[in-house]
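Have a look at the model first, and then read on.

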Amino acid sequence: MSAKGGNSSRFGLRSFRAKFVLVVGGAVLFDLLISGGLALWNVNRLSVDATQQVGLGLTKATGEYLHNYIETTAERTDLLLDQVHTEVNILAGSTQALIDHPQIAATVGEAIERDPTFSTPLTYNPSSNWWQNGAGDPSAVTVWGYLLNATKNLPPDVAKVVRDSTAFNIFGPAVQANGTRKLQVYYIGPKSAPILRSTPYTDQGTTFDRVYPGHNVTNWWDFFFPQLYEDWQRWLKDPASKPVDEKITTLSPYKDGVTGKLIVSFFEPVWTKDRKDLAGVVGADLTLDQMADIVQSVKIADTGFAFLAMSNGNVLAVTPEGEKTLGIGNSSPTVFDRSLRKSTDAAVAALPLDQNNDGVIQTISLDRNGEKVNYIVVLKKLRPTNMWSAGPITKETMTVGIVVPEHEIYATLIAAQDSISKATNRILLYQLAAIFVALCIVFAAVFGLSKRITAGLSALAGAARKLQAKDYSVRVHIPTKDEVGEVGVAFNRMAEEISYHTENLEKLVEDRTRDLESANLEISSLNEQLRSENLRLGAELDVARQIQKMVLPKERELAAMPGVEIAAYMRPADEVGGDYYDVLRDGKKLKVGIGDVTGHGLESGVLMLMVQSVARALQETGENNPAQFLDRLNRAIFKNLERTNSDKHLSLSFLDYEDGKLTLSGQHEEVVVVRAGGGVERIDTIDLGFPIGLEKDISPFVATRNIAFASGDVVVLHTDGVTEAEGGKGELFGLDRLVESARQRHGSSAEEIKNGIIQDLMDYIGTRKIHDDITLVVIRHR
C-alpha cells in the first residue's frame with residue numbers, strides 16, 4: 001500500500017502532481033501562446049499602421065511640396081509676363097502722349113531730326129525700293145516701297161508719321177535697356193502708313209527682303225498679320241469684344257526674321273487723338289529662351305522637370321531631357337510646332353490642358369525602354385491673355401506643368417517603409433525568443449512547486465469534506481507562507497463566518513428586513529419630492545413659453561401692415577426657444593427684426609425677451625436711424641448680460657420699410673429676395689453688423705444697405721434652424737433648397753409662400769429630431 005502511495009508521490013500519470021503540472025502547464029502554455037500571438041499581431045499591426053501613417057504624412061508633404069512648387073513657378077512666369085506687359089504699357093503710354101499732342105510730337109521730331117547724334121537721314125535703296133536710315137541711329141526706321149509716291153519719295157502723310165515717331169529714338173532705347181531682356185522694341189505705323197521703327201538698330205530692310213519675299217508689295221498688316229488690325233479696330237468700337245479685358249495682344253511663337261530665334265511678340269495698339277482709329281502699334285519681342293529660363297530652372301528630385309504649354313498643347317518651354325520624356329519635338333524649320341498632342345506617349349497626348357484642374361496631382365504611366373514607369377504630373381494655369389495666331393484674336397490660357405518620376409518623389413517614403421519593415425522583423429524575432437525562454441522558465445517553476453503545493457491542497461480537500469459534513473469546528477493548518485497558505489487562512493476564516501452566520505441567521509434576517517423597510521420609505525419620500533420639483537419646473541417653463549408667445553406679433557397686426565403682406569412661423573426646439581422675430585409699426589414705418597440667440601432653452605428665451613423689449617422701447621423713443629438703433633440696443637443688452645454673468649449673445653438684423661424702400665442693417669443669416677419676375681438675390685449681412693452682446697460698442701461695425709423692393713417682390717428672412725435642419729440621410733436642408741422653395745412660389749401670397757416653405761422643410765426633415773429653433777418671416781410687396 002505504501003509502495004503504491006510512493007509511486008503516486010513520484011509523479012505517476014494519475015497523481016495530482018502530474019495533473020497539476022499538465023493543467024497548469026497547459027494553461028500557462030495556452031496563455032503564453034495567446035498573449036505572445038497577440039503581441040506578435042500587435043507588433044505587425046503597429047508596423048502596418050506606422051507604415052500607413054508615414055506614407056500618408058510623406059504623401060501629404062509631397063503633395064504640398066508639389067503644389068507650392070507649381071504655384072511658385074506659375075507666379076514667376078506670370079510676373080515675367082506682367083513685367084513685359086508693364087514695359088509695353090510704358091512704351092504705349094509715351095507714344096500715345098505724343099499722338100494726343102501733335103504739335104509737341106512734330107516739334108520733338110523736327111528737333112531730333114536736326115540732331116545728328118539722334119537721327120540720320122533716310123536714303124533710298126533703288127534695288128529694293130525702300131527708304132531706310134543709316135547705322136548709328138538709336139533705332140532703325142524703314143519706309144516700304146508700296147508707301148512711296150510716283151517719284152519714289154515719301155508722301156506727306158507718311159513723312160509726317162516718320163517725323164512724329166522720331167521721339168521713339170529717346171524713350172525706345174530706355175525701355176529696351178531696362179527691365180526684362182527684350183530682343184527688341186518697335187513702333188509700326190497705322191495701316192495707311194505702316195512704317196517700321198525698331199531699336200536696337202538693324203538693317204531690317206535687307207533682312208526682310210531676304211527672309212520674307214514679296215513683303216514689299218503688300219501692306220505690312222495684311223502680309224504678316226491678317227485680320228489682326230481689324231480686330232483692334234473692332235475693340236475700339238466695342239471694348240466688350242476683347243476676349244480678355246486688356247489692350248496687349250500676344251503673338252504665338254514664330255521664327256524672328258532678324259535673329260533667326262524663336263520669339264514671342266507683345267503688341268499694344270495706340271489710338272488717334274479722337275479715338276476713332278488706330279495710330280499705330282508698339283511692341284516688344286522676347287525670345288523663348290527667356291521664358292524657358294524660369295521653367296528650365298525647375299529641379300525636382302533627380303530628373304523632374306517643368307514645362308510651359310499653350311492651351312492647344314504647343315510646348316513653349318521645356319528642358320531637352322523633359323522634351324525626350326514627353327516624347328515631343330519641333331519638326332518644322334519655320335513654324336513652331338512642339339505639341340503635346342503629337343507626343344509618342346498617349347498618356348502625355350491626353351493631358352487635360354483645357355480643363356480646370358489646377359493643382360490636381362495626376363499619375364501617368366510612360367513607356368521607358370519597354371518598361372512602364374509612373375510619373376507624377378501637376379498642372380497650373382496662368383492668367384489668360386489675348387492671343388493671335390493665324391486668325392482672329394482669341395483668349396489664351398497657358399499652363400505650367402511639373403513632371404517627376406513617382407519613384408524619385410517617393411524615395412523617402414519607400415526608404416522609411418523598408419526601415420519600418422526591417423525593424424518589425426527584428427522585433428518579431430526577439431518576441432519569439434522571449435516567448436520560448438518564458439515557456440522554459442514557467443514549466444520548470446511549475447514542476448518544482450507542484451510537490452509543495454500538493455500537500456497544502458490535500459489538507460484543504462480533507463477540511464472541505466468535514467465542512468461539507470457540517471462539522472463547522474474544522475480548521476486547517478498549512479505552514480507555508482505562499483498563496484496556498486493564504487488559502488488555508490481564508491478557509492479558516494470562512495469556516496468561522498459560516499459557523500457564526502449559521503448560529504445567528506434569524507437575527508441577521510430581521511436586521512436586514514428593517515434596513516430594507518427604512519430604505520423603501522426614504523426612496524418614496526425622494527420620489528414625492530422629485531414629482532413636486534418636476535411639476536414646478538414644468539409650470540415655470542410653461543409660463544415662459546406663454547410669455548414668449550404673447551410678445552410675438554399677432555396675425556391681425558401682420559394683416560394690417562400698410563403696403564406689404566407679412567407671414568411668420570416660429571417653432572422652438574425645446575419648451576422655450578432662442579429665436580427672435582418681431583414686426584414693429586410706427587405709422588407708415590415698419591421695422592422687421594430677426595435674430596438667433598446662441599443655444600436654446602429658458603436662458604436663450606429670456607435673452608430673446610430682453611431684445612424684444614429693448615427694440616420696442618427704442619422704437620417708441622422715435623429712434624429712426626438703423627445704425628444708431630442697433631448700437632443702442634446692443635449697449636442695453638450688453639449691460640444686462642454683464643449683470644447676469646451670461647455668456648449668451650445673438651445674431652440680429654433689422655429691415656426698415658417706408659414708402660416702398662427697404663433698409664437692411666445688422667449681422668444675421670443671408671437675406672433672400674425673390675423678384676416679381678422670378679429672379680433671386682442673396683444678400684450677405686456679414687459686413688452689416690456684429691453679434692449682439694459680445695462687445696459694448698459695435699458702432700464701427702454697423703452698416704446699412706438699401707434693397708430695391710417693388711410690387712410683387714418677396715423678402716425671406718430665416719434663422720439657421722431652417723437651413724441646418726437634417727434630412728433622412730443626415731444632409732442639411734441648406735440655403736439653396738430654401739431659395740428654390742421660395743422661388744417656385746414667388747407669385748403667391750406671403751402666407752402661401754410661408755406655408756409652402758415650411759411644408760417643404762417638414763417633408764425634408766421627416767421623422768428626424770428637430771435640433772434647433774425654426775423661424776421664418778416672409779414679406780411681400782403688395
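The text below goes from the sheet to the helices.

This is a predicted model, in which local features need pLDDT of at least 70, side-chain atom pairs count only at pLDDT 80 or more, and totals for chains, interfaces and linings use all residues. Residues are numbered from 1 along each chain as its sequence is written, and side-chain values use heavy atoms, with hydrogens and water left out.

An open sheet is built from five strands in the order β18-β19-β20-β21-β24, with antiparallel pairing. Strands are DSSP runs of E with at least two residues, helices are runs of H or I with at least four, and both are numbered from the N terminus; two strands pair if DSSP finds at least two bridges between them. At the edges, β18 (579–586) and β24 (704–708) each pair on one side only. Five antiparallel bridges join β21 (residues 661–667) to β24, and Leu664 has Arg705 of β24 as its bridge partner.

| Helix | Lies across | Angle |
|---|---|---|
| α17 | β18, β19, β20 | about 15° to β18 |
| α18 | β19, β20, β21, β24 | about 150° to β20 |

The helices α17 (residues 602–620) and α18 (residues 626–644) also pack against each other at about 140°, with axes 10 Å apart. Residues of α17 in this contact include Leu607 and Met610, and those of α18 include Phe629 and Arg632.

Key:
Axes fitted to C-alpha atoms, helices over the stretch in contact; angles between N-to-C directions. Contact = heavy atoms within 4.5 Å.
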